[in-house]
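Student: I've got a protein model open and I'd like to work through it with you. Can we start with the strands and then move on to the helices?

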Amino acid sequence: MLPFNYIIWNVDKVLMHLGHFELRWYPVCWIIGLVLAYFIVKRLYKEQKVKDELFDPLFIYCFFGILIGARLGHCLFYEPEVWLSSWTRVMEIVVPIHIYDDGSWQFTGYQGLASHGGTLGLMIAIWLYVRRTGMKLWHVLDNIAIATPVTACFIRLANLMNSEIVGKVTDVPWAFIFVNGHPTIAHEPRHPGQLYEAIAYFLFFFVGWYFYRKGLRPKADSPTAFRPQVGTGFFFGLCLTLIFTFRFFIEYTKEVQVDFESGMFFNMGQLLSVPFILLGLWSMWQSQQKKA
């Protein structure tokens, strides 16, 4: 097929220039995803009559948990030989700058965030939040899980705007040519793996929301109907199972992110997905045991 039959993805990574400061699409998409999750969980807390003072610190815990976990996950899971090679690189894990050999530096933002690390960081942050507020862990996890697919959707849109985490070369008519991608992947039609994930996560949000609203219906309507309840762990398990099962299989359409994955039967993203899938399945199973 000729190149003009494909989608030419030539979006500038920079949204706008403010003097010497560049506002990039990547952090903007992250912020939109987190803010939307904030308002969704705020609504859930309000419907469940949770006190405002118990909700207020939740966003701060989740924001830093996701950011720190995602950053450490990328650096330690995928490129430890790079980020642990010197104290300068270790500093760059935490501080969003690049330090040159002559001592000069440049603000880069956090270029490299891993969803598995972000999920683990979020869980730790929620555990700390629960210890501080005294709320029940399953209740918080379920509420966060209902909103999480929205954030995951915008994180993958951020990757799309950054022309990163691209798919393998393909001849499907909806293939993207990532003009601004890395020179090794530019100018070849590839699966838009980031877009596949973004669409899936957006749909997963409505799956979770459907079950949440179903759980609010009076039992008198149909006493035997399945009504998952917030606080049992069902929504936490559903979120993990849907996202990471999809993530496991979508990896087959995506290009390897680091060289050591090239000879692996299952890549790092797939291997890291398995524990989350098992945890999700167990969470849904035990949520039903509580009701039995």
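Student: In which sense do β1 and β6 pair, and over how many bridges?

Tutor: Keep in mind that this is a predicted model. Here the two strands belong to an open sheet of 3 strands, in the order β1-β6-β7, with mixed pairing. For β1 and β6, the count is 3 bridges, and the sense is parallel.

Student: Which strands stand at the edges of that sheet?

Tutor: Go back to the order, which is β1-β6-β7. A strand at the edge has a single partner, so one of its sides has no neighbour in the sheet.

Student: What is the bridge partner of W9 in β6?

Tutor: The β6 strand runs over 176-178. Within it, the bridge partner of W9 is F178.

Student: Is S163 buried or exposed?

Tutor: S163 lies in the loop between α7 (137-161) and β6 (176-178). Leaving aside neighbours within four places in sequence, S163 touches W9, F178, N180, G181 and Q194. Buried means under 20% relative accessible area. S163 has a relative accessible area of 5%, so it counts as buried.

Student: And K49, is that one buried or exposed?

Tutor: K49 also has a loop position, between α1 and α2 (52-55). The cut-off for exposed is over 50%. K49 is at 74% relative accessibility, so the label is exposed.

Student: What is phi for K49 and for S163?

Tutor: Neither of them is a glycine, yet phi is positive in K49 and in S163. For K49 the value is near 60°. For S163 it is about 55°.

Student: How many nonpolar residues are in the contact of α7 with α8?

Tutor: On the α7 side the contact includes I146, V150 and L157, and on the α8 side it includes L195, Y201 and F205. Besides the nonpolar ones, the contact has 2 polar and 2 charged residues. The nonpolar count is 15.

Student: Are α1 and α8 roughly parallel or roughly antiparallel?

Tutor: Helix α1 (residues 25-47) and helix α8 (residues 193-215) have axes 14 Å apart, and they pack at an angle of about 5°. Under 35 degrees counts as roughly parallel. That makes the α1 and α8 pair roughly parallel.

Student: Which residues of α8 make the contact with α1, and how many residues of the contact are charged?

Tutor: From α1 come I40, R43, L44 and E47, and from α8 come F205, W209, Y212 and R213. The contact divides into 5 nonpolar residues and no polar ones, while the charged count is 3.

Student: How many residues of α9 are buried?

Tutor: α9 covers residues 234-250 and reaches 24 Å from its first C-alpha to its last, close to the expected 24 Å. This helix is mostly covered. Out of its 17 residues, the number buried is 13.

Student: Last one: what share of the residues in the protein chain is buried?

Tutor: The chain has 10 helices and 7 strands. It has 292 residues, and the buried share is 47%.

Conventions: Residues are numbered from 1 along each chain as its sequence is written. This is a predicted model: local features need pLDDT of at least 70, side-chain atom pairs count only at pLDDT 80 or more; totals for chains, interfaces and linings use all residues. Side-chain values use heavy atoms; hydrogens and water are left out. Helices (H or I, at least four residues) and strands (E, at least two) are DSSP runs, numbered from the N terminus. The expected span of a helix is 1.5 Å times one less than its number of residues. Buried means under 20% relative accessible area, exposed over 50%, partly exposed in between (1.4 Å probe, protein chains only). Axes are lines fitted to C-alpha atoms, for helices over the stretch in contact, and angles run from 0 to 180 degrees between N-to-C directions. Angles under 35 degrees count as roughly parallel, over 145 as roughly antiparallel, 65 to 115 as roughly perpendicular and the rest as oblique. Contact means heavy atoms within 4.5 Å. Ala, Val, Leu, Ile, Met, Phe, Trp, Tyr, Cys and Pro count as nonpolar, Asp, Glu, Lys and Arg as charged, and the others, Gly among them, as polar. Two strands pair if DSSP finds at least two bridges between them.
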